[in-house]
Amino acid sequence: MREVRLQDTLSGSVRRLEPRDPPRVGIYACGPTVYGRVHVGNARPYVVFSLLKRFLEHEGYDAAFVANVTDVNDKIYDAARERGVPSDELAREMTDAYVADTDELGLGRPDREPKASETIAAIISLIAALIEGGHAYEARGDVYFRVASFADYGKLSNRPLDEMRQGEGDDSADVKEAPQDFALWKARKEGEDTWWESPWGDGRPGWHIECSAMAEQILGVDFEVHGGGSDLIFPHHENEIAQTEAARGRPLARLWMHNGMVEMADEKMAKSVGNIRLLHGALEQFGREAFLMWLVGAHYRKPLAYTEEALADAARAVDRVRELVRRLDPEAPSAPELDAIAERFFDELADDFNTPAARAELFAWVAEANRRLDAGERIGPGRLGELLHAFGLESLLSGESERPSEEVERMAAERQEARAARDFERADRLRDELAARGWEIRDTADGPRLVRT
């Protein structure tokens, strides 16, 4: 079992992973607010922490990955109102879409996926503990966290107190004791069609308290890794730290791990600025293997540019692996030099989950195997499967990725129909679209067959 070290945002240093109850490791990553289809930026933390779990399991840890769904939020109310549907109906629809879209990544589901709407009792209990301890107060049916009661507030984001505005709107300014205080419970407002009973009246939870309650309910306090995008450092994660430590007297998590943003045109990807690339569209256009290869090509802490050129480069990298796999002899042994490369691959992941350095070792393995094959040696897969599994790319070794998707098969069938109807212009257009997706239709004695190009 390697010593695993990760960058901790709270301390600002790379720290050793020290499980509370070895070898168990709890990972909690903030999931999406389900008011629309998820974009490729939402996919980055899902992939980073799914792969972190895979690596830890490879090293012998018993890792559990929890990714929540925020299905109670102002953004959901607004989107539902715009569409003219009930907010809980929209939340269910978008939750189902999120699950379907992330299923296409082929990484499996997190071990637990709690919803805010199903954690209301735990949320109310945590708020009550904060009020009892003098860390929160009720005002006109709302409940706010009293920031002045928590001396360490700001220790995650390291911002001056006067810059810590919560962005909750002007409607709460006249009832809060201080501008920095943030909502734990919000009284029901006109036009809000989902609410719950509480000791402070009908309403619903604030965003930050949801994650504190869900994480504690499943992993307990002082669990190992709390993750999410760097845009959540303030206010979301700052507030989670304050709530839990104030109520429980213990840290929520031992390490705070943040991934960089996915960017387009020199700005982060966000629905609010309109520069969205939806995940399901990206996977359909480039394929899951190329998408994952693109993500692991950058260190998780760094911003990552989304461009068609970058995804095309990743697709070519995938093809290099695929071509090597076709040359390997499943019955042949591995070589010690290749096994040494595999060890370096996992050493890089143990050093702050350095996926680009590990990816370089993967292609060192590919290059060395090709060199030996070119020299006439018989080379087997050896530990290549371990390396590919760590990146979610085990399908390249199994050949599973060679099978066409339902969309590709549909396009092939439409092309045959167009040919039968002598609509050759449409048939040629569909042939070109299939070629762009990496597929060729070949006529065989058994009829047309799709072949990976």
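Two strands count as paired if DSSP finds at least two bridges between them. Keep that rule in hand while looking at this structure, which is a predicted model.

Start with strands E6 and E7. Strand E6 covers residues 142-145, and strand E7 covers residues 182-187. The two are joined by 3 bridges. The rule asks for at least two bridges, so E6 and E7 pair. They run antiparallel.

Now widen the view. E6 and E7 belong to an open sheet of 4 strands. The order is E5-E6-E7-E8, and the pairing is antiparallel. Two strands form the edges: E5, at 136-139, and E8, at 203-205. Each edge strand pairs on one side only. From one strand to the next, the twist averages 20°. What holds such strands together? In general, strands of a sheet pair through backbone hydrogen bonds, either parallel or antiparallel.

Next, turn to the cysteines. How many disulfides does the model have? The count comes to 0. Look at Cys30. The nearest cysteine sulfur to its own is that of Cys211, 3.8 Å away. A disulfide needs the two sulfur atoms within 2.5 Å, so Cys30 is in no disulfide.

Technical notes. Residues are numbered from 1 along each chain as its sequence is written. This is a predicted model: local features need pLDDT of at least 70, side-chain atom pairs count only at pLDDT 80 or more; totals for chains, interfaces and linings use all residues. Side-chain values use heavy atoms; hydrogens and water are left out. Axes are lines fitted to C-alpha atoms, for helices over the stretch in contact, and angles run from 0 to 180 degrees between N-to-C directions.
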